[in-house]
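Subject: Structure for your files

Hello,

Here is the structure I said I would pass on. My notes on what turned up in it follow below.

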Amino acid sequence: LVGNLATEDGVDRQSQKVPAMPLFPMSSKRSSSKAMRLKRPRSPAVPGSSAKKPRCHAHQAVSHICLRHPKAPVGEAWPVNDLRFFDAPTEPFCEINYGPLLKEVVKERGWKYSANPCHGTYDADRDKSTFYVKEFEASLRGKTPAALFGREGKVESDGYRLQAIPLPKHALWMFGRLPYRVPGTANDRAYDREDLVKIVVEHGVDLPGKAGNYRIAKFPGTETILFKTRLTEAFCEKPWYPKTYILPRDKAAFLQEIRQQGNGHSNFWIGKPRNDYGGSGIRVYKGKDPALRKALKQCQSGQSIMQNYIADPLLIGGYKFHMRIHLVITNVEPLQAYVQENGQCLFATKPYTLSGKTMGDDFDAPVHVTNMGLNAVPSNKDNFLREKPVIGRGQQIRVRQLMTYLASVYPGFDKRIIWQQILQIASDTAVYIGKSIQRNSKVVADRHFEIFGMDLMLDKDLKVWMCEVNTDPGIGYPDKEVLGSPNPDYNKEFHACSETLHDLFCLLGLDAGVKQSKGSLRHWFELETSDGKASLK
């Protein structure tokens with residue numbers, strides 16, 4: 001199903017008893033509001049664009065939402081001489097974290113850069129990083145490793161002698177869940193872990209000065225919180241979340257569903273692993289496809305989801321796409337969250353079709369899946385590099401370009417209705433993440449923040465649907481070459497990532513004491529919270 005449906009889990013990411021069938025319709029009544037009544041151009045501006053004029057039937061549900069920008073940054077400006085930025089310990093050797101773009105951005109903004117929150121080593125032959133996290137703990141607790149762990153504990157199992165690292169007056173730690181080993185744990189195995197984040201949670205309460213003097217770009221446990229199975233349980237009744245079944249738990253209910261749907265237009269399904277990313281393990285099926293039933297029979301263990309496929313997506317030039325929109329949470333009590341206005345649109349690179357020849361055992365990923373990893377492959381090189389209407393070569397445009405294009409093609413188009421829907425989804429998502437963090441950990445206010453990538457789709461009626469939410473969205477330099485040719489999306493993606501980083505630092509406000517020329521609060525929408533519920537400001 002997702003490969004073979006028994007697979008486990010994007011960087012994005014458990015399970016309790018819930019009703020077997022998450023019930024909500026694939027579509028709702030269309031709004032009769034004149035605000036979104038669009039006139040179709042006399043001749044299509046782009047061949048292959050969606051045939052029917054879009055009408056946003058979700059308008060009435062979000063019409064109360066106002067789009068407003070934050071008036072001030074999240075935090076107080078730090079003294080210019082105390083702008084201390086810390087990257088992951090082995091970043092200079094293997095780009096384990098964001099890569100060189102982040103370093104360049106923080107230096108441009110006046111920060112003192114270091115990759116030494118604790119010492120780390122990198123074994124290039126085995127592609128394995130080692131972090132000596134006890135040094136970080138001792139630094140946070142204001143002690144030397146010898147004083148904290150004893151003379152014997154000062155020496156790690158691999159012979160490394162722990163060193164004392166002074167704690168600065170202010171520190172921004174820009175790292176989270178990363179693949180590394182910690183000597184003496186997990187049989188010296190390297191795997192994705194967040195020891196440094198847990199140390200901040202456990203011992204950060206005793207850090208000197210204001211809580212906002214020390215910040216880390218990660219909340220604990222968000223990887224698990226965002227498992228697709230968890231999102232399904234949290235959002236199964238939301239009108240913007242497609243009907244979804246968790247397998248193998250809901251197998252019987254799902255079989256009944258596809259039998260009832262028969263040849264119906266909504267009987268298309270997309271299988272996804274619980275926590276893979278980049279499109280890995282995805283496959284699309286028609287409900288009556290024998291390959292789907294065969295995959296279900298083989299589904300005995302592990303967890304994955306089977307989600308109603310948005311069969312009528314909005315097409316640009318005949319191509320399907322999804323939007324990557326950034327959500328930033330800067331506090332969970334009280335909840336404080338923001339959505340970046342703009343983002344990226346990532347396109348499939350073969351014209352969209354519901355032909356059975358592109359599904360099931362014959363699944364043709366570049367028709368249905370928009371992830372670069374499944375489009376920029378040798379067998380699809382010509383399609384990836386081909387000039388496409390509106391998109392150009394490659395597969396990316398900015399969300400701002402999408403809005404401009406829709407306004408030019410459909411007189412009466414109102415981008416506010418799209419953003420109102422996006423903010424409603426972001427609001428519900430932020431509340432869910434915030435409550436989950438509070439349930440599992442006790443975090444200090446003004447100490448943590450995190451940026452998430454929401455993957456959203458538009459259908460032909462301009463309704464916004466959630467696909468998934470990812471931690472650790474890729475915000476770094478793109479590859480200069482793709483498939484042996486210059487990357488046609490290089491400049492687009494570079495500018496998008498650079499803008500997002502500058503906007504993030506502007507939102508945090510920690511470096512506001514330095515005159516900045518990049519980043520803007522006007523690039524953010526603010527989610528206002530009240531009584532534990534997010535309303536939109």
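In this predicted model, 4 strands make up an open sheet with antiparallel pairing, and their order across the sheet is β9-β12-β10-β11. The edge positions belong to β9 (244–247) and β11 (283–286); each has a single partner strand, so one side of each is left without a neighbour in the sheet. On average, neighbouring strands here are turned by 25° against each other, with direction ignored.

Within that sheet, 5 bridges pair β10 (residues 268–273) with β12 (residues 304–308) in the antiparallel sense. If you want a point to find this pairing on screen, look for tryptophan 269, whose bridge partner in β12 is asparagine 308. Helix α9 (residues 251–261) lies across β9, β10 and β12. Relative to β9, helix α9 runs at about 140°.

There is also a hairpin, formed by β3 and β4. Strand β3 (residues 120–123) is joined to strand β4 (residues 128–131) by 4 bridges, and the two run antiparallel. Glycine 120 has phenylalanine 131 in β4 as its bridge partner. Between the strands of the hairpin are 4 residues, and aspartate 127 takes a positive phi near 50°.

Next, a helix pair. Two packed helices are described by the angle between their axes and the distance between the axes. For α3 (residues 100–108) and α16 (residues 490–508), the angle is about 45° and the axes are 10 Å apart. The two helices are therefore oblique to each other, and their crossing is right-handed. On the α3 side, the contact involves Leu101, Leu102, Val105, Val106 and Glu108. These meet Phe494, Cys497, Ser498, Leu501, His502 and Phe505 of α16.

How many disulfides does a search of the whole structure find? The search returns 0. Cysteine 467 has a relative accessibility of 18% and counts as buried, because buried means under 20% relative accessible area. Cysteine 94, with a relative accessible area of 23%, is partly exposed.

Regards

Technical notes
Residues numbered from 1 in each chain as written. Predicted model: local features only at pLDDT ≥ 70, side-chain atom pairs only at ≥ 80, totals over all residues. Heavy atoms only, no water. Disulfide = S-S within 2.5 Å. Buried < 20%, exposed > 50% of the residue type's maximum accessible area, 1.4 Å probe, protein only. Pairing = 2+ DSSP bridges. Axes fitted to C-alpha atoms, helices over the stretch in contact; angles between N-to-C directions. Parallel < 35°, antiparallel > 145°, perpendicular 65-115°, else oblique. Left-handed = near helix turned anticlockwise from the far one by under 90°. Contact = heavy atoms within 4.5 Å.
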